[in-house]
Amino acid sequence: MTQGQMKKDALDAMKQAAAEAALEYVRPGMTVGVGTGSTAAYFVAALARRRDKIMTAVASSEATAAALRAAGIAVVDLAAVGSVPLYVDGADEVDPELRLIKGGGGAHTREKAVATAAGLFVCIVDETKLAHRLGGVPVPVEVLPASAAAVAARLFALGGTPASRTGFVTDGGNVILDVAGLDLSDPERLEFTIDAIPGVVENGIFARRRADVVLAGAADGVGVLRI
Ligand code: 5RP
């Protein structure tokens, strides 16, 4: 086995441990909001083994909806329920105040909508996602295709370096600009500033709706962070 494969296996084990730990928050009969990505996929697998515990799920992407249905879990639209008691999702970066950068899978618009409609947001990550401050990964920004150039210019003016995510279209039919180099010393303000640019659909900073609980998988167990 190569070193790269061993590292990936170790990361996968930490993601799975965090996802399994999130089952603790699922109550019988609950409608659970489910995120997108490789860590959220472990949560879908965990839910599938405990189908008795839930009635329905709200999916944060078409990919997650398909995975839930394939696991035999009924999927309802957020519009049909209005809110969910629990949302479980991964993240690309987590700071000590449980603010997040998300959108590595390009699903952050619906993820933010479900997270904001959730009573409790449990974020599941491997411990490599924990950071002293946000900014170690680019901020994904979902943009109307026609506005991509104009939005990129505004993001440059904010000090960022936007890169188009090639060959990727969001569930909403839009494009993603991954923006490196932004000043994230005030994440709430930057989240608001980017969303105010005409043509921006949503950005991947989760500061206003941050996680309530972070479950961080490590080699020796799962750490629980709360604010
Ligand atoms: C998708 C996301 C994911 O939650 C984030 O990218 C983490 O993914 P993974 O669990 O595969 O590391 O925000 O839009």
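The following legends describe close-up views of a predicted model.

**View 1. The shell of residues around the ligand.** The ligand is surrounded by 18 residues. Ser 38, Thr 39, Asp 92, Gly 103 and Lys 129 are the closest of these. Sorted by class, the shell comprises 10 polar, 6 charged and 2 nonpolar residues. At least two residues of the shell come from helix H2 (38-49), and at least two come from helix H5 (108-116).

**View 2. Backbone atoms of Gly 103, Gly 104 and Gly 105 and the oxygen atoms of the ligand.** For Gly 103, a backbone N or O atom is placed 2.8 Å from an oxygen atom of the ligand. A polar backbone atom of Gly 104 lies 3.3 Å from an oxygen atom of the ligand. For Gly 105, the distance between a backbone N or O atom and an oxygen atom of the ligand is 3.3 Å. On its own the ligand has 380 Å² of accessible area, and the protein covers 91% of this area.

**View 3. The open sheet of 4 strands.** The strands follow the order S9-S10-S8-S11, and their pairing is antiparallel. Strand S9 (161-164) and strand S11 (200-203) each have a single partner strand, so one side of each of these edge strands has no neighbour in the sheet. From one strand to the next, the twist averages 30°.

**View 4. The pairing of strands S8 and S10.** Strand S8 spans residues 139-143 and strand S10 spans residues 175-180. The two strands pair in the antiparallel sense over 5 bridges. Val 143 has Val 175 of S10 as its bridge partner.

**View 5. Helices H6 and H7 against the strands.** Helix H6, formed by residues 148-157, lies across S8, S9, S10 and S11. The direction of helix H6 is at about 15° to S10. Helix H7, formed by residues 187-195, lies across S8 and S11. Helix H7 runs at about 160° to S11.

**View 6. The open sheet of 3 strands.** This sheet has the order S5-S6-S12, with antiparallel pairing. Its edges are strand S5 (93-94) and strand S12 (205-206); each has a single partner strand, so one side of each is left without a neighbour in the sheet. Between S5 and strand S6 (residues 100-101), the antiparallel pairing extends over 2 bridges. In this pairing, Val 94 stands opposite Leu 100 of S6.

Terms used: Residues are numbered from 1 along each chain as its sequence is written. This is a predicted model: local features need pLDDT of at least 70, side-chain atom pairs count only at pLDDT 80 or more; totals for chains, interfaces and linings use all residues. Side-chain values use heavy atoms; hydrogens and water are left out. A residue is near a molecule or strand if one of its heavy atoms lies within 4 Å of it. A polar contact is a pair of N or O atoms within 3.5 Å; within protein, one must be able to donate a hydrogen and the other to accept it, and residues adjacent in sequence count only if both atoms are side-chain atoms. Accessible areas come from the Shrake-Rupley method with a 1.4 Å probe; for residues, only the protein chains shown count as cover. Ala, Val, Leu, Ile, Met, Phe, Trp, Tyr, Cys and Pro count as nonpolar, Asp, Glu, Lys and Arg as charged, and the others, Gly among them, as polar. Two strands pair if DSSP finds at least two bridges between them. Axes are lines fitted to C-alpha atoms, for helices over the stretch in contact, and angles run from 0 to 180 degrees between N-to-C directions. Contact means heavy atoms within 4.5 Å.
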